[in-house]
Amino acid sequence: MSRGQQNEEDTNAVLFDARNEYYIGNFMGSINFVLPEQGTAGAELLSYMYLSYLAIDSGRIIASDIKEGSSTPLQALRLVHEAFEQPSRCEEVLEKLTDKVAGDEDETNLWHIATAIVYCYDGQFENALKILHGSTNLESMALSVQCLLRLHRVDLAKQLVAKMQEISDDATLTQLAQAWVALAQGTEQMQDAFHIYQEFCEKFKPTPALLNGQAVVHLGLERYEEADAALRESLIKKHNDYDTLINLMVLSHLTGKPSENITRYLEQLRQFYPKSDFITDLDKKSTEFDRLCLQYDLGAEEKLLAV
């Protein structure tokens with residue numbers, strides 16, 4: 001075997017590992033696979049490191065490493081960071097991304113993925129699906145599955161997963177997409193999702209993403225002790241994990257724990273994720289509830305005055 005062939009095989013092995021660690025939510029693991037190769041790595045390998053930095057809220061590293069206006073396709077991920085850092089600029093960032101997608105070939109698929117990510121971040125799931133439509137790239141298809149589930153189109157998500165299975169049934173993303181759809185379908189299919197998450201925990205290592213997947217199955221099947229164990233293990237791995245805190249709130253409610261428990265998790269969410277969808281939606285509903293209460297209170301007061 002020539003040295004060139006050996007280097008190519010080593011690079012492919014690192015890419016495989018970095019990609020899988022990113023998919024299962026072991027973001028530091030993905031970063032650590034890429035870092036030793038950073039000086040010579042291509043855009044595809046580097047993308048998993050930078051996507052992982054985005055996932056752990058360390059996007060400033062991307063802004064530091066990738067200079068504005070550079071020709072690398074990694075520029076797409078710098079724009080994602082800009083959207084995350086300044087949500088008010090989402091429209092401006094999306095204009096740049098969509099212009100790039102429309103005007104140039106996207107050999108790495110990074111521009112399409114980045115554009116869809118920002119659309120999803122802005123709640124524009126239909127537009128994200130338009131960007132990803134027709135792709136046979138598993139990452140694009142998996143992201144489309146997530147969009148369809150957010151739009152409550154489980155039927156279309158199932159069809160897309162079937163296409164992913166035709167391309168590569170054993171691929172990590174295909175298996176994860178199957179689990180997402182199984183969870184969305186409810187109790188009868190939930191155990192199938194559990195087996196997928198369990199297999200990945202044994203094959204790789206448990207991550208908050210995999211443990212929360214298991215916990216959701218346990219919650220759906222009323223296995224509350226098992227759900228608690230999975231969520232506690234997830235907290236050990238990341239003490240402020242977004243999904244874990246939300247699922248602990250759900251578990252506390254279902255098991256009749258004191259309201260102080262729920263309040264504690266909610267305060268942690270407010271501290272670490274003040275602009276998250278969950279907090280934003282909760283505050284919106286609370287404001288509307290208070291408004292309706294005031295409206296009915298005023299109505300009752302007027303009736304009393306009339307008497």
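1. In this predicted model, helix α15 (residues 242-254) and helix α16 (residues 259-272) pack at an angle of about 165 degrees, and their axes, which are lines fitted to C-alpha atoms over the stretch in contact, lie 9 Å apart. Because angles over 145 degrees, taken between N-to-C directions on a scale from 0 to 180, count as roughly antiparallel, α15 and α16 are roughly antiparallel to each other. Contact here means heavy atoms within 4.5 Å, and among the residues that make it are Leu-245, Ile-246 and Met-249 of α15 together with Ile-262, Tyr-265 and Leu-266 of α16.

2. The protein has 17 helices and zero strands, where helices are DSSP runs (H or I) of at least four residues and strands are runs (E) of at least two, numbered from the N terminus.

3. Of the 307 residues of the protein, 42% count as buried, meaning under 20% relative accessible area with a 1.4 Å probe and protein chains only.

4. Leaving aside neighbours within four places in sequence, Tyr-50 is in contact with Gln-38, Ile-62, Asp-65, Ile-66, Leu-74 and Leu-77.

5. Residues are numbered from 1 along each chain as its sequence is written, and side-chain values use heavy atoms, leaving out hydrogens and water. Local features need pLDDT of at least 70 and side-chain atom pairs count only at pLDDT 80 or more, while totals for chains, interfaces and linings use all residues.

Key:
Angles under 35 degrees count as roughly parallel, over 145 as roughly antiparallel, 65 to 115 as roughly perpendicular and the rest as oblique. Buried means under 20% relative accessible area, exposed over 50%, partly exposed in between (1.4 Å probe, protein chains only).
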